[in-house]
Structure formats: C-alpha cells, structure tokens
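Subject: Structure handover

Hello,

I am passing on the structure we talked about. Please open it next to the sequence and read the notes below alongside it.

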Amino acid sequence: MKPLTLALLALAVLVLARPPEGRAWTGRVVEAASGQALLVRAQDGSDVLVRLYGIEAPGPAEKAGRASREALDAMARDREVDVLPLAGSGSRVDGHVILDLQDLSSEMVRLGLAWVDWRHCARGVCERWLLQEQEARAAGLGYWRDHPLGKSAGRGVF
C-alpha cells in the first residue's frame with residue numbers, strides 16, 4: 001500500500017475507535033474517583049471521568065465518602081462497563097454507567113451509598129431511585145446508618 005493510503009486508513013481507524021460524543025461506548029473502569037464518579041478507559045486508551053447521572057454521594061473528606069468511593073471501586077474496578085453520556089464531552093462526561101445490566105447510579109442509591117440529586121435528576125428513572133433511597137433510609141443502609149435524617153439534596157423534604 002502507498003504511504004498516503006496507510007495514513008488515511010490509520011486515521012480512519014483512530015476516528016472510528018474514539019467514543020462518539022453523546023453515543024454509548026464501552027470501556028474498562030480504572031478506579032472510582034469518588035462515590036459518584038468513575039475513571040473509565042475508553043477503547044482508544046483515553047481516560048474519561050464519568051460522573052454517575054442523577055446522584056450525589058458523601059464528600060471525600062467524610063468517613064461515609066471514603067466508604068462510598070471504596071464500595072463503588074470494589075464494584076467496578078477492572079470491569080467492563082457501558083457508558084451512556086448525557087452531558088459533557090471529551091475527558092469529562094455525566095451519564096449512565098451500566099455494569100452487568102445494572103445502572104451503577106441505581107445500585108449506589110439502593111445500597112445507601114448515595115442519594116438522588118433532584119436538582120439534576122430529571123428523568124423518569126429518578127422516581128424509582130427515590131423509592132430505593134427511601135428503602136435504604138428505612139433499613140439504615142450505608143450513609144443512612146450514621147445519618148438517619150441525611151441530606152436534602154435540594155429537595156427540602158425527607
């Protein structure tokens with residue numbers, strides 16, 4: 001093959017391998033950056049910080065924040081996930097992260113390791129997550145064990 005043809009072919013492979021903005025892509029979790037964000041390595045080798053859609057987790061300085069990050073890390077590290085970006089682009093996106101057909105935002109709420117962020121959670125799925133949050137609160141799971149009243153996350157109602 002001619003050098004120009006090879007160069008064009010290589011460029012086409014790189015463009016096609018890059019996850020398209022706003023479209024689902026698959027990657028491997030490098031680590032949990034917090035209880036609500038993962039560092040995911042895309043198939044092209046780039047690292048993307050993915051904030052889990054619709055949830056908030058305790059801050060990293062809080063004991064519960066460390067526990068939340070560690071739990072998310074244990075769930076997802078070195079695992080293949082599907083990322084469905086809803087906002088952002090390039091190396092930082094917000095979206096759904098699916099592991100073994102389970103949305104990790106939902107799983108973190110169900111385990112009491114995060115709560116629904118009503119300021120930003122505007123999809124129908126957020127109502128289902130609220131029920132999971134209420135169940136986790138009632139059972140005293142995760143964050144709710146030490147914080148039964150919890151945080152309002154902008155709702156003003158518990």
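Cys-121 and Cys-126 form a disulfide, with 1.7 Å between their sulfur atoms. A disulfide is a covalent bond that joins the sulfur atoms of two cysteines. The link between Cys-121 and Cys-126 is left-handed, with a value of -85° about the S-S bond. Both Cys-121 and Cys-126 are buried. The count for the model comes to 1 disulfide. Keep in mind that this is a predicted model, so the values here are computed from predicted coordinates.

How far can the coordinates be trusted? The average pLDDT of the chain is 84, and 80% of the residues score at least 70. Two stretches fall below that. Over residues 3–21 pLDDT stays under 50, and the model has 10 contacts for them beyond four places in sequence. Residues 152–158 also stay under 50, with 16 contacts beyond four places in sequence. Where pLDDT is low, the predicted coordinates should not be read in detail.

Next, the overall layout. The chain has 5 helices and 8 strands. Starting at the N terminus, the order of elements is α-β-β-β-β-α-β-β-β-α-β-α-α. Of its 158 residues, 39% count as buried. Among contacts in the chain with a separation of 6 or more, 56% are between residues 24 or more positions apart. The chain exposes about 8,800 Å², and carbon and sulfur atoms supply 57% of that area.

Now to the strands. Strand S1 (residues 25–34) pairs with strand S5 (residues 80–89) in the antiparallel sense, over 4 bridges. One of the residues involved is Trp-25, whose bridge partner in S5 is Val-83. S5 also runs antiparallel to S6, and 7 bridges join these two strands. Here Ser-89 has Arg-92 in S6 as its bridge partner. S5 and S6 form a hairpin with 2 residues between them. Gly-90, in the turn, has a positive phi of about 65°.

One more residue to look at is Leu-101. Where does Leu-101 lie? It sits in the loop between strand S6 (92–99) and strand S7 (102–103). Is Leu-101 buried or exposed? Its relative accessibility is 85%, so Leu-101 counts as exposed, the cut-off for exposed being over 50%. Leu-101 and Val-81 are 20 residues apart along the chain, and their C-alpha atoms are separated by 9.1 Å.

Regards

How values were computed
Residues numbered from 1 in each chain as written. Predicted model: local features only at pLDDT ≥ 70, side-chain atom pairs only at ≥ 80, totals over all residues. Heavy atoms only, no water. Buried < 20%, exposed > 50% of the residue type's maximum accessible area, 1.4 Å probe, protein only. Contact = heavy atoms within 4.5 Å. Areas by Shrake-Rupley, 256 points an atom, 1.4 Å probe, with all protein chains shown as cover. pLDDT = per-residue confidence, 0-100. Disulfide = S-S within 2.5 Å. Pairing = 2+ DSSP bridges.
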